[in-house]
Amino acid sequence: MERVKEKKQDPVLRRCNFQEVSLGYTEDEAVAEAGRCLQCKKPPCVKGCPVGIDIPAFIAEIRKRDHDSALAKIYEKNMLPSICGRVCPQETQCEAACVLGRRGSPVAIGKLERFAGDRTVYTPGCSSHGLAKTGKVAVIGAGPAGLTCACELAKCGVRVTIYEALHVAGGVLVYGIPEFRLPKRVVEREIRLLEKLGVEIKTDIIAGRTITIEDIFKAGYAAAFIGSGAGLPSFMGIPGENLLRVYSANEFLTRVNLMKGYLFPEYDTPVSIGAKVAVIGGGNVAMDSARAALRLGAKHVTVLYRRTEKEMPARAEEYENAREEGIGFRFLVQPIEIVGDGQGYVRGIKIVHNRLGDPDESGRRSPVAIEGTEEFIGIESVIVAIGQNPSPLIPSTYKKLATGRKGNIIVNKDTCETNVPGIFAGGDVATGAATVISAMGMGKTAARSIVRYLATKNQSSDSPPPGKAADVNS
Ligand code: FAD
Ligand code: SF4
Ligand code: SF4
């Protein structure tokens, strides 16, 4: 049986609006797709999911049209199903492991998860183990890592407060990923559910500025989890990057999403891009930037990527959507200069053509510039989407934390412990820019470690204060 195709907004219409592109399954479509699952006895798909959802079990409930039970099964492991169902790179995770993939198309696990998450109103309960007495926990950052850690702690009965720098919770889910891919009402709904579990979220508080890590422990928190993400954009380091209308993807998408630039003039956030836009990069961030620029009214949007289509890290589905909408792609090219118009604005970009050389440390073949192939392209704005680095504020203001070469907080990957006892970290701040589900997986691992840490601390009154123990990282 063929995989049930999900309906999408027509490309001609959707390139002019910010409404969600993918329309999700109807009930009959979801039940039909659920019917394809073989209910494997030893399901490999579960191993492909970083949070270990019992995939055949929830799919079996959809098949019976018992969607509350399907959602209850998912909630056992994942409190953000409507979000993950939309943005998880399923094709390289759970669906990559599905046995049906070997014979044709894997079961559409993500789309079924989205269906269950969107459809049902169901509130999970807390399973208090009396841990509340052992102390409260502070979580820094309300992105997928922090939210998941907080939720898992709350489910165990631990009192938890999230400190978030921005005025809303969600991290990249609200400031990065655009409305047409992940509607903000969906994020809000799933976060409200976490609050029902007893998680307290305090916004507009920047750890390292408004409060310090020392303040957190002085305020009586027994442990802290840092999930501050990778919000520091990388630049190319070429001439002209300081011209007007050169944006980092972070700034561009924050203006469009968080500051509601897409609703200008209703919201007072003009985003000036002109008619011809170049986007540099080949990941999800580049696809989101290009598609957002198109919807803001750009006539021509071209993605410039230094390798080939095969090496592009963007999700296949989002690349296909971008192509359908008319985004142009040029592969094996690399900017060498952004050229100004003499008034401070961008007039064009100089590129050079590449060939593929030997594999680099990421395992992908590295781009090598071909001499004498320089070319000028006339454009009016440039969006640089070549990667983000871990947010540096906390490690730079709390120097006891061990950090890696790229400024990431070093953690024990099995426990998410940092070198400072009582401080745990996970998500992009530890791994560098990664995925929603990997950040959630680390949030979960950290919560388990914190629960163990609290239990041990409770038993022994002489546990070391933060900052006094040896570095546990290798
Ligand atoms: P974040 O989501 O970055 O959250 C960190 C939070 O901490 C933020 O809310 C931030 O404001 C807050 N914070 C930072 N510093 C402080 C401080 N000092 N004090 C208090 N709070 C602080 N992944 C996918 O799986 N699929 C996708 O399709 C996808 N698309 C993406 C598109 C874009 C445009 C971007 C930028 C990323 C995308 N990703 C995608 C990656 C994914 O969003 C991230 O890997 C994930 O959000 C990381 O979660 P996190 O909780 O570690 O960090
Ligand atoms: Fe797959 Fe992501 Fe859902 Fe896990 S959370 S089952 S990886 S879509
Ligand atoms: Fe179903 Fe595929 Fe998982 Fe088997 S591997 S249980 S067919 S989703």
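1. Which polar backbone atom lies 3.4 Å from an oxygen atom of ligand 1? The backbone atom belongs to glycine 171, and the pair falls within the polar-contact limit (N or O atoms within 3.5 Å). The protein covers 95% of the 1,000 Å² of accessible area that ligand 1 has on its own (Shrake-Rupley, 1.4 Å probe).

2. This is a predicted model, in which local features need pLDDT of at least 70 and side-chain atom pairs pLDDT 80 or more, while totals for chains, interfaces and linings use all residues. Residues are numbered from 1 along each chain as written, chains are lettered from A and ligands numbered from 1 in written order, and side-chain values use heavy atoms, without hydrogens and water.

3. An N or O atom in the side chain of glutamate 164 is 2.6 Å from an oxygen atom of the ligand, and a backbone N or O atom of alanine 207 is 2.8 Å from a nitrogen atom of the ligand.

4. The shell around ligand 1 holds 37 residues (a heavy atom within 4 Å). Val87, Glu164, Arg181, Ala207 and Asp428 come nearest. Domain 2 (131-231 + 389-462) and domain 3 (235-386) both contribute residues, so ligand 1 lies between them; the bounds come from an automatic or database assignment.

5. The largest cavity is lined by 15 residues, with Ser22, Arg86, Arg114, Glu317 and Glu318 nearest its centre. A cavity here is a set of points on a 1 Å grid over the protein atoms alone where a 1.4 Å probe fits but cannot get out, and lining residues have an atom within 4 Å of a point. Domain 1 (7-119) and domain 3 (235-386) each give at least three residues to this lining.

Methods. Polar contact = N/O pair within 3.5 Å; in protein donor to acceptor, adjacent residues only side chain to side chain. 1 Å grid on protein atoms, 1.4 Å probe; cavity = no way out; pocket = protein on both sides within 12 Å on 5 of 7 lines; lining within 4 Å.
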